[in-house]
Amino acid sequence: MLLFLAAGALIGWFYGQLLWGLLAAALLALAWQVRQLLSFDRALRTDNFDDFRIGEGIWEQIYSKFRFERDRGLRQKAVNRQLLREIRNSTDAMPDGAVVLDANNEIVACNRAAKGLAGLKRKKDRGQRIDNILRDPKLIGLINSNDHQQSVEIPSPITDGDWLNCRVVPYGAEQKLLLLRDVTERIRLSKMRRDFVANASHELRSPLTVISGYLDALSDAGDLPADWVKPVTQMRNQSLRMKHILTEMLELSQLEGAGSASRNENIDVVQLLNDVRIDFDRPADAAEIKVNAESSATILGRKAEIESVVVNLLSNALRYTPQSGEINLTWRSSSDGAELIVKDTGEGIDPEHIPRLTERFFRVDRGRSRGEGGIGLGLAIVKHVLVRHDAELEIKSEPGSGSEFRCVFPPDRVKVATPTALS
Amino acid sequence: MEASDLTGHISKRFNKDIEDLRSMVLAMGGLVESQLLRAITAIVTGDSELGLKVANDDYKVNDLEVSIDEECGRILAMRAPAASDLRLIVAIIKTITDLERIGDEAEKIGFLASRLAAMDRPPDSYRELKTLGTHVSHMVRDAMNAFARLDVDEAFEVVREDEGVDEEYETIQRQCITFMMEDPRSIKRVMNVTWAARSLERIGDHAKNICEYVIYMVQGRDVRHTGISDASEIPSD
């Protein structure tokens with residue numbers, strides 16, 4: 001460039017017009033640059049660099065830099081496209097349905113499994129709110145709640161009799177992933193298990209009735225040889241125990257299969273506690289039972305089931321409380337629900353055992369409790385009844401000073417009524 | 001009309017109002033669908049507790065109807081919508097009435113289920129009710145899908161399916177009459193079956209109505225009482 005200007009100046013000086021020569025050379029240079037700029041711009045727009053003359057100096061540098069960046073961009077784009085395709089292929093290969101939702105619960109994308117499981121249409125449903133397509137009330141509740149630990153099971157919107165397990169996982173800024181899993185098989189298996197337990201208990205009961213009937217007759221008959229008295233009595237007690245176990249297993253399997261308890265009955269808890277206290281069949285040396293009625297509220301639920309909760313908790317408390325001890329049955333209510341508390345001053349439970357207490361057939365001390373009539377199903381029944389009534393069981397205990405079983409009912413199960421409502 | 005047409009307003013608030021309203025209607029539809037499914041399950045499995053629960057839950061459907069109605073009135077008063085928005089509101093007001101009736105029929109079926117559970121069950125455990133019920137619940141589901149996706153083709157499909165439901169209802173009725181003639185002692189039970197079938201058939205009609213509102217909403221033409229052959233001759237674009 002400088003060379004070009006110098007040449008212009010030289011020619012100008014030769015003719016005695018140095019400045020004019022310089023100006024003419026500068027104008028020529030400018031015109032060339034502008035032409036170059038325009039053709040570069042045209043080449044950029046048409047993406048056709050065949051007509052573009054690279055020239056020298058700065059233009060060559062710019063052009064090579066541009067070529068380099070452009071090629072790199074294209075390569076990167078190809079890599080990204082490949083990556084995207086692979087990600088998409090892999091999400092499509094996933095057996096579980098996944099739906100990406102934005103802050104308004106609108107569908108951003110979904111994989112193939114979601115299409116198959118929930119009947120989503122990839123193109124047509126983009127931008128549609130997910131709860132417009134999957135309308136089950138339970139799922140709508142899950143999406144609108146901010147509890148991301150929970151999952152719900154909904155009937156499949158495509159196949160009758162199939163069930164989907166739905167979970168919502170939040171990620172990024174306000175985005176959510178809805179995961180769908182086909183759990184038909186699991187639900188079918190657990191139903192089969194429940195049915196098996198129910199049928200087995202039922203079938204075992206009839207032969208047992210015959211056996212215990214004859215044993216009753218035998219032990220009532222006075223002419224039993226002396227060395228047969230003890231075995232027959234023991235057989236009779238054990239057959240009674242077996243019957244008891246079967247009844248409880250049947251009860252438990254029925255509770256498990258049923259959903260939420262109906263709210264048809266209005267249960268007067270204070271009266272129930274008093275009735276149980278009076279009717280409870282307890283040995284003469286049992287601890288004293290007190291009823292503290294701090295509320296006249298009633299529970300909406302199944303009376304027979306709530307009664308079995310009280311009976312089970314009370315019989316547990318009696319079993320572990322010495323005669324000098326005391327058992328308190330308390331009923332209290334507040335604006336955020338109501339509590340039914342069974343508190344004893346018995347021997348208490350080791351903290352390590354508390355989480356396992358409601359497991360079936362779990363006993364803290366195997367050798368001991370069998371002798372005293374415990375089966376290990378009582379607390380499991382309590383737990384299932386409470387779950388059916390949307391209530392929770394809280395257990396507090398300190399070895400040596402007693403235990404407290406607290407059944408917490410939510411406000412919508414509690415009716416604060418006038419005491420005269422039920423007479 | 002695409003879903004995006006509904007969201008092309010200058011006022012974002014209006015957009016949101018309309019989208020929320022649509023979601024409410026579909027949530028009500030979802031509730032009704034689940035009520036219907038549970039009622040059918042109750043009658044087929046003889047689960048009286050489930051049947052009563054369905055009957056007791058009907059108030060939720062009614063509550064939703066009232067609040068959606070209010071919201072429609074509010075939008076009409078405040079936004080004075082025109083053209084497709086107006087059609088949407090009009091269609092919604094009609095749709096929720098039919099949805100509420102479907103809810104009422106489901107409630108009835110729930111009651112009947114609890115009553116039938118106490119009586120002796122036929123060996124086929126009401127297979128014909130199950131078939132009819134499945135058919136009808138698919139219609140309701142497809143009607144709500146057509147509403148959500150503004151899918152006229154699917155709506156026509158449901159309207160066409162109603163004829164099949166009517167035929168199935170006829171068959172059940174004839175079968176019930178035969179049972180009653182054979183064994184007059186079963187009249188009480190079979191009458192309940194007839195009522196349940198009648199309710200299911202009515203639900204089919206309501207689903208059909210909803211689809212007709214969807215067609216009105218999308219295309220702006222009224223296909224009620226025109227006969228399906230006339231209606232579908234016009235290209236559904």
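Is B:E128 buried, exposed or partly exposed? B:E128 is partly exposed, because 17 other C-beta atoms lie within 10 Å. The cut-offs are these: a residue is buried with 20 or more other C-beta atoms within 10 Å of its own, exposed with 12 or fewer, and partly exposed in between, with C-beta atoms placed from the backbone.

This is a predicted model, in which local features need pLDDT of at least 70, side-chain atom pairs count only at pLDDT 80 or more, and totals for chains, interfaces and linings use all residues. Residues are numbered from 1 along each chain as its sequence is written, while chains are lettered from A and ligands numbered from 1 in the order in which they are written.

Stay with B:E128. This residue sits in helix α5 of chain B, residues 127-149. Helices (H or I, at least four residues) and strands (E, at least two) are DSSP runs, numbered from the N terminus. Beyond its neighbours within four places in sequence, B:E128 is in contact with B:I172 and B:Q175. Contact here means C-beta atoms, placed from the backbone, within 7 Å. The C-alpha atom of B:E128 is separated by 9.1 Å from that of B:T171, 43 residues apart along the chain.

Now a helix pair in chain B. Helix α2 (residues 48-56) packs against helix α4 (residues 83-117) at an angle of about 155°, with the axes 7 Å apart. The two are therefore roughly antiparallel. Axes are lines fitted to C-alpha atoms, for helices over the stretch in contact, and angles run from 0 to 180 degrees between N-to-C directions. Angles under 35 degrees count as roughly parallel, over 145 as roughly antiparallel, 65 to 115 as roughly perpendicular and the rest as oblique. The crossing of α2(B) and α4(B) is left-handed. That term applies if the near helix is turned anticlockwise from the far one by less than a right angle; clockwise gives right-handed. On the α2(B) side, the contact uses B:S48, B:G51, B:L52, B:V54 and B:A55. They meet residues of α4(B), including B:G110, B:F111 and B:A113. The residues of this contact divide into seven nonpolar, four polar and one charged. Ala, Val, Leu, Ile, Met, Phe, Trp, Tyr, Cys and Pro count as nonpolar, Asp, Glu, Lys and Arg as charged, and the others, Gly among them, as polar.

Turn to chain A. This chain holds twelve helices and 13 strands. Its C-alpha trace spans about 155 × 45 × 40 Å along the principal axes. Of its 423 residues, 23% count as buried.

One buried residue is A:C166, with 24 C-beta neighbours inside 10 Å. A:C166 lies in strand β4 of chain A, residues 163-171. Leaving out residues up to four places away in sequence, A:C166 touches A:L139, A:L142, A:S151, A:V152, A:I154, A:L178 and A:L180.

Chain A has a helix pair too. Helix α9 (residues 269-279) and helix α10 (residues 303-320) pack at an angle of about 45°, their axes 10 Å apart. That makes α9(A) oblique to α10(A). The crossing is right-handed. A:L272, A:L273 and A:V276 of α9(A) make the contact with A:I306, A:E307, A:V310, A:V311 and A:L314 of α10(A). Seven of the contact residues are nonpolar, none polar and one charged.

Last, the interface. In chain A, 17 residues are in contact with 20 residues of chain B. The largest share of the chain A side, three residues, comes from α5(A). The chain A side divides into six nonpolar, five polar and six charged residues.

Terms used
Two residues are in contact if their C-beta atoms, placed from the backbone, lie within 7 Å.
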